[in-house]
Amino acid sequence: MARSNDWGFPRWRGYEDSREAVEVRLCDRYGCNEKGDCPAPKSPNSKERWYFCQRHAAEYNKGWDYFEGLDKEEAKARAKAEQTESAGYAEAQHYGWASSGDGSRSADEMRALEVLELEADADFDAIKREWRARAKKVHPDVKPGDKAAADEFQKLQLAYEVLKAAEERRVWKG
Ligand SMILES: [Zn+2]
């Protein structure tokens, strides 16, 4: 039987606390009393974890209502914490850029990103993904004899070349 301090929200029990180590951790989902043995990051950049039962881990991963089951104050506090964390993340991203090059995009790169409809801070993986997805749709093999598609394909190739060259310069310098 769980002790009274195991109830309420959040039901945190650190593993480093040896007195607690033998106890079964409960699912962190409000109101759930299943065994919580599926860790899930509290936010993408957080080292903190929820521990859910399998069902709630699946639900969480699907993007269940993060605030469900919390009262107003708790929900507000959690939203605030999340905002603070993601702000820190954005900042880190920003500085990450600065250290991997001169941190700025040339006019050509910006135009190339526009062709791919990506933001200025898109990383090269995102660029590659977007380029592949778009190029596939207008590839001459897929649309033979289609002038508009051919033009679009050409444009995508150019955009990709510009961004690839820029990426290589950054990696070289960084
Ligand atoms: Zn659960």
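**Close-up views of a predicted model**

At a relative accessibility of 5%, Cys53 counts as buried. The structure in these views is a predicted model.

**View 1. The zinc ion is held by four residues of the chain.** The coordinating atoms are SG of Cys27, SG of Cys32, SG of Cys53 and ND1 of His56, at 1.9 to 2.3 Å. The angles among the 4 donor atoms run from 101 to 118°, and the site of the zinc ion is tetrahedral. For four tetrahedral donors, the ideal angle at a metal is 109.5 degrees.

**View 2. The donors of the zinc ion follow the spacing C-x4-C-x20-C-x2-H along the chain.** Cys32 belongs to the segment before strand E1 (38–41), whereas Cys53 belongs to the loop between strand E2 (49–52) and helix H1 (54–61), so this pair ties together parts that are 21 residues apart in sequence. Cys32 has a relative accessible area of 6% and is buried. Cys53, at 5% relative accessibility, is likewise classed as buried, since the cut-off for this class is under 20%.

View 3. His56, Ala57 and Tyr60 are buried in H1. The buried residues of H1 pack against E1 and E2. One of these buried residues, His56, also coordinates the zinc ion through ND1.

**View 4. Glu109 is a buried residue of helix H3.** The relative accessibility of Glu109 is 3%, so the residue falls in the buried class, for which the limit is under 20%. The C-alpha atom of Glu109 is separated by 5.9 Å from that of Leu163, although the two residues are 54 residues apart along the chain.

**View 5. Glu117 has a positive phi although it is not a glycine.** The value of phi at Glu117 is about 55°. Glu117 is located in the loop between helix H3 (107–115) and helix H4 (124–138). With a relative accessibility of 62%, Glu117 counts as exposed, because the exposed class begins over 50%. Glu109, in helix H3, is by contrast buried at 3% relative accessibility.

Methods:
Residues numbered from 1 in each chain as written. Predicted model: local features only at pLDDT ≥ 70, side-chain atom pairs only at ≥ 80, totals over all residues. Heavy atoms only, no water. Donors = N, O, S within 2.8 Å, 3.2 Å for Na, K, Ca; no water. Tetrahedral: all angles 85-135°; square planar, octahedral: opposite > 155°, others 65-115°. Helix = DSSP H or I, 4+ residues; strand = E, 2+ residues; numbered from the N terminus. Buried < 20%, exposed > 50% of the residue type's maximum accessible area, 1.4 Å probe, protein only. Contact = heavy atoms within 4.5 Å.
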